[in-house]
Amino acid sequence: MCTIKDKQEEIIEEFSSFDDWMDRYQLLIDLGSEQPPLDEKYKSDSNLIEGCQSRVWLQADLMPDGTVRFLAESDALIVKGIVSLLVKVYSGHTPDDILANEPYFVEAIGLKEHLSPTRSNGLVAMIKQMRMYALAFKTKLGN
């Protein structure tokens, strides 16, 4: 099974093949487009992430094997690509793994410096929300 670190390294490698940020934005848009749509039942106000300029829904479920499954969608293409990267990195891992691994790929691919301040705030809010779910599930599991 791929670790969170492995997944982040894959993302860094994929983005490093593009020098131009327009190509990297296009990759984000493509990644967002490839993501399956979120079931309408999860597009509730309780799943909306506070602090995002565009609408981002995040559904988290604790699976029977103790891993967390994240599903997400956004109404903005680039943001949908960003959240799809976070889902790729963290979904399918335990709360402990999620909490122990910062999303260093964000810095490594230059994403943070190429986002508008409002998108940067939204990215921070998405990461924070995923970590809050992981913490809640960790508590639920009694770890």
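Predicted model: local features only at pLDDT ≥ 70, side-chain atom pairs only at ≥ 80, totals over all residues.
Figure 1. Residues are numbered from 1 along each chain as its sequence is written, and side-chain values use heavy atoms, with hydrogens and water left out. With a relative accessible area of 1%, Phe70 is buried (buried is under 20% relative accessible area, exposed over 50%, partly exposed in between, for a 1.4 Å probe and protein chains only). Residues up to four places away in sequence aside, Phe70 touches Leu58, Gln59, Ala60, Val87, Tyr90, Ser91, Ile98, Met130 and Tyr133 (contact means heavy atoms within 4.5 Å). Gln59 lies eleven residues from Phe70 along the chain, and their C-alpha atoms are separated by 5.7 Å.

**Figure 2. The hairpin of E1 and E2.** The two strands run antiparallel and are joined by seven bridges (strands pair if DSSP finds at least two bridges between them). Ala60 stands opposite Phe70 of E2. Five residues separate E1 from E2, and Gly66 in the turn has a positive phi of about 85°. Six of the seven residues of E1 are buried, which leaves this strand mostly covered.

**Figure 3. The largest nonpolar core, with 41 residues.** Phe70, Phe105, Leu111 and Met126 touch the most other members of this core (a nonpolar core is a set of buried Ala, Val, Leu, Ile, Met, Phe, Trp, Tyr and Cys residues joined through side-chain atoms within 4.5 Å). At least two core residues come from each of H1, H2, E1, E2, H3, helix H5 (105–108) and H6. The largest contribution, nine residues, is that of H3. Leu111, leaving aside neighbours within four places in sequence, is in contact with Trp21, Leu28, Ile82, Val106 and Leu123.

**Figure 4. The salt bridge between Glu9 and Lys5.** The N to O distance between these side chains is 4.0 Å (a salt bridge is a side-chain nitrogen of Lys or Arg within 4 Å of a carboxyl oxygen of Asp or Glu). Both residues lie in helix H1 (residues 4–16), four residues apart, which is about one turn of the helix. Glu9 is partly exposed, its relative accessible area being 34%. Lys5 is also partly exposed, at 48%.

**Figure 5. The salt bridge between Asp75 and Arg55.** Here the side chains meet at 3.8 Å, N to O. The pair links distant parts of the chain, 20 residues apart: Asp75 is in the loop between strand E2 (68–74) and helix H3 (77–90), and Arg55 is in the loop between helix H2 (21–34) and strand E1 (56–62). Asp75 is partly exposed, with a relative accessible area of 48%. The value for Arg55, likewise partly exposed, is 44%.

**Figure 6. The salt bridge between Lys138 and Asp96.** The closest N and O atoms of this pair are 2.6 Å apart. Lys138 is partly exposed, with a relative accessible area of 21%, and Asp96 is partly exposed at 34%.

**Figure 7. The salt-bridge network of Glu40, Lys43 and Glu73.** These three residues are linked to one another through a network of salt bridges. A search of the whole structure finds eight salt bridges.

**Figure 8. The chain as context for the close-ups.** Six helices and two strands make up the secondary structure, in the order α-α-β-β-α-α-α-α along the sequence. The radius of gyration is 15 Å, close to the 15 Å that the globule rule gives for 143 residues, so the chain is as compact as a globular protein of that length (the radius is taken over C-alpha atoms, and the rule is 2.2 Å times the number of residues to the power 0.38). The C-alpha trace spans about 45 × 30 × 25 Å along its principal axes. Of the 143 residues, 48% count as buried. Among contacts with a separation of 6 or more, 64% are between residues 24 or more positions apart.
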